[in-house]
Amino acid sequence: MKKKRTAAKGLIVAIIVIIALFLALIGFITDFLWFKELGYVSVFLTKLFTQLKIGIPVFIIISLLAYIYLKFLKKGYFKRIESDEITDTKRLNKITWALAAVFSLLVTFTATTNLWFEALKFAHSTGFDITDPLFKMDVSFYLFRLPFIQELATILIGVIIAFAILTLIYYTILLSMRTPQMFEEVEEEEPFVDPFAEDEQQGPNAGFDNVTDLFGKFGEAFTGKKAAPKKKKAKKQFDNNNFSELIHIAEKQLIVVGILFFIMLAVNLFLQQFNLLYKHTGVVYGAGFTDVNITLWVYRIMALLALVSAVTFVLGVKKRNLKKILIVPVAMIAVGILGTGAGLLVQNFVVSPDELSKESKYLAYNIEYTQYAYDLDDVTIKPFEASNTLASSDIAANEETIKNIRINDYDPAKKFYNQTQAIRQYYNFTDVDVDRYMVNGEYTQTFLSAREIDEADISNTWLNTHLKYTHGYGITLSRVDEVTSSGQPDMMISNIPPQSQVEEIEIKEPGIYFGENTNNYILVNTDEKEFDYPDGESNNKYTTYDGTAGIRLNFMNKLMFSIRERSLKLLVSSNLTNDSKIVINRNIMERVQEIMPYLAYDEDPYIVAADGKLYWMLDAYTASDRYPYSEPYNETGTNYVRNSVKVVIDAYDGSVDYYLVDNQDPIANTLKSIYPKLFKDFNEMPESLQAHVRYPNMLFNIQANVYKKYHMTDVNIFYQSEDMWDIAEEIYGTKVTTMTPNYYIMKLPGEESAEFVNSIPYTPKNKKNMTGLLVARNDAPNYGELVLYQMPKSKVVYGPRQVEALIDQNTEISKEFSLWDSAGSSYSRGNLFVIPIEDSLIYVEPVYLEAKEDSIPEVKRVIVVYGDQIAYESTLAEALNSLFGEGSANAGVSSGDSSADSGKLSQAEIITKAQEAFNKAEEAQKNGDWAKYGQYLNELEKYLNML
């Protein structure tokens, strides 16, 4: 009966352990299934295999070493310590193994958790072929090898301290299981004490203390028999021998721990010297005069003293001489304090009075290495005359530039899309992206936006959230340079299903299952049809997912994912079939982060239409805070950055591809070496997607801000900050704000054709005139080239704030602004665009009007400034013609007023066609055919614009 109960208990315990293990592994198993779905099992297993490669040998070695060490302690203890107790050696041996295993487990967990990725970077390190000027080490040492060595040294110090704690714990166990005989008993006969006697020692009450002796004497006298002789009293005496043995054993362990501790302290102090290369002292980022001549030697002396401390510690412990133990560590502390003080004195009284002379060499390092760290060492500098000699022919010759000047703005376009193209309340346009496409044979800058499901606006039921409303649908696309007669974006792709007026763009697969707002898991290929898109007032189209994404839901997978997602419905739903799949991690930002968390990602993914499908393109960055002599650009200390990776996510299938676009970046090459199956060469990216690679504004903005200071290469000028720049300011909306990079299609001065670029203007520090225009080229084969158009110092070139001031001073403009305000409308000013044409500059600023009861802004006016001249007109073409003469700009430029057919039709014919389009739109509305309705409305708008 007892055996049966024991077996039952064992079975219950085993079941509980299996269930607990299963629950603990659910996250791991489901993640594995997800990586397997993506084809990145090797990426997922890299961490696990590396941790096992480190962890298994570390666990075995540390376990054996710890066990041997503890056995050695036990042997020494049993050999030298006497005890009357019988020790349970079997139990003690089990405890010894358990302690060794637990200790090893803790060390192994710490090592594998903190070292696995550093170990991979160490092993796969890629050289920079650049050495630092102080220690003459390749920069790769600081980015890939030093972090591993420093982390390992820190862990080893922790292990040494942990060994000391382990020793203490084990001795405590030994003392409890084999208590030493610390006292010996010595028998001695007690002297007779006269109970009536009073002496100085006993005092007047001593007789009461000897009452037993008193009655003994009386009994002896009364009976005539002698009292039994008094027993000798056992007296405990301290066993000096056993105590000495305890001290002797502890002494050995103390010496071992002390030696190891001081050696590792010396190693850590030696490694500290390398951190001087990222230090900021005075005007230098990196090791300066004081660091090289004082702090560096303080670290080295302290490291040497730490080694000496190991020797004096041994001698001091052996001779029981506390002074000898402490004298060198105290000297180390003194050196550290004196070194800090000396550093402050040298910095303030030697360097500061003669800073330029003392720091000149180190400032040169600072400039050189910062420029390389931000890829600013190869900026092409071109003088720009800003001569203001443009003629009408120059405007006409730069038609590609003029036709792509952006007069639409992101926020108004986003509002317009959401008001007119959302179609239903559950659709939303989260963001507006700028890109370039061939539009009916012309290289054109466009706005695009993805129509996603707004999960907050659908009925919050499990069926709707996870089975029914599974995807967004299609995109909108409009030119940035054209508006309708009402001042709204002129749509080129619109409606549901998408209707394209662009010959080159046809969207065959508009479903957006992966996006910026797709945060919920979904279940596809179920018995419940998915909502595809609305078709008329009450009709909807339904679909079944036909993509490759998703993990098939057999019973075990259903069980695991229902636990993972905490949803019983997922387990018991009758809508799920053998073909059903679960799609997780659909938010594209979370998706890429899960796959490769060792890259930094841009906050602005953008939608791309290519080959009939929709893709998300996302810029990924490699970064470090360990680049020698480089100034950090943010508070986290990041002082090296590259945009080396482009990530492409299929909006329908969810496939994720990482393309290496900068094969000169050692960090990216190291990652590629670690994850060879993840990163692809750029030439493997389809050409249709290569055409939409952008130079990211996030990186360009970082570079532009660093370049404000680090365009100065002369140490004297750099030190004096004689030529510091600022990013120019503009009035955006109604407030003054610092400008951010803008994308353009323009023909750069000296180039033969227009290209996609982003640019940002500079002004001198605390001045308003313009000193330079930094441009990043986006198109192959010049992708990534930075060009600085430097303004002449001999004359004033208006900066954006000065241009804004000219606009404010214009009486016609200010009068109309005031009129709009008084009429209950609000105006806002768009970005101010600085456009180089030939060797001159023009400035363009659109003005938006928004009725306070209407939330859709419209482009009302376009301001063009050239030199001191201002044109303020309804369209860009009119403004340019006003400045440079009639015929300078095509009447259709940025106006949306007429089409190419307007010259072929009479006014009566245009009116007739407009009426026909209106009638057809009404008919389509009655039939609930919203696709046709949108098409005829676009035709109507076109004919009205002609009129």
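A: In the largest nonpolar core, which has 177 residues, Val647 and Tyr658 touch the most other members. A nonpolar core here is a set of buried Ala, Val, Leu, Ile, Met, Phe, Trp, Tyr and Cys residues joined through side-chain atoms within 4.5 Å. Buried means under 20% relative accessible area, exposed means over 50%, and partly exposed lies in between, with a 1.4 Å probe and protein chains only. Helix 4 (residues 139–177) gives the most to this core, 19 residues. A second, separate core has 53 residues, including Ile402, Leu748, Tyr789 and Val797.

This is a predicted model, in which local features need pLDDT of at least 70 and side-chain atom pairs count only at pLDDT 80 or more, while totals for chains, interfaces and linings use all residues. Residues are numbered from 1 along each chain as its sequence is written, and side-chain values use heavy atoms, with hydrogens and water left out.

Not counting residues up to four places away in sequence, Val647 touches Val592, Tyr601, Trp616, Met617, Leu618, Ala620, Val656, Asp657 and Tyr658. Contact means heavy atoms within 4.5 Å.

Tyr658 is also among the contacts of Leu599, again leaving out residues up to four places away in sequence. Leu599 is in the loop between helix 17 (588–595) and strand 19 (600–601). Helices (H or I, at least four residues) and strands (E, at least two) are DSSP runs, numbered from the N terminus. Leu599 counts as buried because its relative accessibility is 5%. Leu599 and Val645 are 46 residues apart along the chain, and their C-alpha atoms are separated by 8.8 Å. In soluble globular proteins, nonpolar side chains tend to be buried together.

Ile68, in helix 2 (residues 41–80), counts as exposed because its relative accessibility is 53%.

Elsewhere, an open sheet of three strands runs in the order 14-18-17 with antiparallel pairing. Two strands pair if DSSP finds at least two bridges between them. Strand 14 (522–524) and strand 17 (551–552) are the edge strands, each pairing on one side only. Three bridges join strand 14 to strand 18 (residues 581–583) in the antiparallel sense, and Leu523 stands opposite Ile582 in strand 18.
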